[in-house]
Amino acid sequence: MTGFIVDYPAGTVTPVRMGANTAEPAIRVGSGPDVIAITPNGRTAYVANSTSGTVTPISTSSDQAGRAIKVGRGPDAIAITPNGRTAYVASSAAGTVTPISTSTNQAGRAIKVGRPGPYTIAITPNGRTAYVVSGGAGTITPIRTANSRTGRAIKIGRQGPYTMAITPNGRTVYVADYATATMVPIRTATNQAGRAIKVGGGPDAIAITPNGRTVYIADNGPGTVTPVRTATNKAGHAIKVARLGPYAIAITPDGKTVYVAGYYSGIVSPIRTATNKAAKAIKVGSGPTQILITADGKSAFVLSMIAGTVTPIGTRTDAAGRSVAVGRFPYAIAITP
């Protein structure tokens, strides 16, 4: 198993062998890389280079970068269809989404969506629809993957929807609206927005339990996590996890533990879903911004942007292992399946 870590100022991607906890030589990509996604078969990593307006494919078996693929200005998000055939790249400055065929690494025609700022993209589990959040426009746009046609943009808020998550059954998209401290459910069958759910201030990360019963929202301002029952769309009591700045969230495959990264405190807080109580915080590197959990659920890997490290956590003991240095300013991480 290999993790690929994006270093924004260096313009590189560093492979880390997770079992041995060792970093390999950095791979040169384009200017300002800020996001990475790996195909479901684990063979190719796609890196969005925000400054150069390109996407670089990397062979995960050889750690070799391929020819850069031109997309719209400011690519900031990538999502890959479940069948692995197409990578969709959202370009915030251009206001477009560009499909890339993974078999040929050729870009298709750019799809116009809301401006400014298509920041986030997610694809339904059946692969039929890609949803794109345009924060500046306050909308989310559905795209049919079969023909790359957009549906009617769905209004979410004045300005500030930034992140989203789709339930495992694909029936609901939950969109966090940072500006209004709410989360909005959207029914994928009708693409109609439901009533906004009040959560904590500055919601900026969402994760859904594998059984689809609960959505957990990291509230950046008050340092809490708010659980929401999907059956009723009712928010539960906020769970205190950090003084300020819970920034990333991930849930184990068995659904028993939610891990939340506190950016300003340099900690990760485990929450037991059975009780919705936070356990003892785990110290990691300064400025944790992303958490990934392995498919077997045995390990969580925490990317710390300020410290320039990746820290493994054993989910059975909640104990942090030795941190690995991965660059000056690591911005994103992806792990091979």
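Guide: Let's start with a term: buried means under 20% relative accessible area, exposed means over 50%, and partly exposed is in between, using a 1.4 Å probe and protein chains only. Strands (E, at least two residues) are DSSP runs, numbered from the N terminus, as are helices (H or I, at least four residues). This is a predicted model, where local features need pLDDT of at least 70 and side-chain atom pairs count only at pLDDT 80 or more, while totals for chains, interfaces and linings use all residues. Residues are numbered from 1 along each chain as its sequence is written, and side-chain values use heavy atoms, with hydrogens and water left out.

Visitor: With that in hand, how many residues of strand 25 are buried?

Guide: 6 of the 6 are buried, so strand 25 is largely enclosed by the rest of the structure.

Visitor: Which way does strand 25 pair with strand 26, parallel or antiparallel?

Guide: The general idea is that two strands pair if DSSP finds at least two bridges between them. Here strand 25 and strand 26 run antiparallel, over 5 bridges. A205 has A218 in strand 26 as its bridge partner.

Visitor: What does G212 contact?

Guide: Contact means heavy atoms within 4.5 Å. Setting aside neighbours within four places in sequence, G212 is in contact with P168 and T230.

Visitor: And where is G200?

Guide: G200 is in the loop between strand 24 (197-198) and strand 25. At 13% relative accessibility, G200 counts as buried too. G200 and V225 are 25 residues apart in sequence, yet 7.7 Å apart in space, C-alpha to C-alpha. Leaving out neighbours within four places in sequence, the contacts of G200 are A181, D219, P222 and T226.

Visitor: Let's move to strand 1. Which residues point which way?

Guide: In a regular strand the side chains alternate between the two faces of the sheet. In strand 1, T2, F4 and V6 point one way, G3, I5 and D7 point the other, and all are buried. With 6 of its 6 residues (2-7) buried, strand 1 is largely enclosed by the rest of the structure.

Visitor: One more: how do I read a polar contact, say for T54?

Guide: A polar contact is a pair of N or O atoms within 3.5 Å; within protein, one must be able to donate a hydrogen and the other to accept it, and residues adjacent in sequence count only if both atoms are side-chain atoms. Here one of 3.1 Å joins the side chains of T54 and S52. T54 belongs to strand 7 (residues 54-59) and, at 11% relative accessibility, counts as buried.
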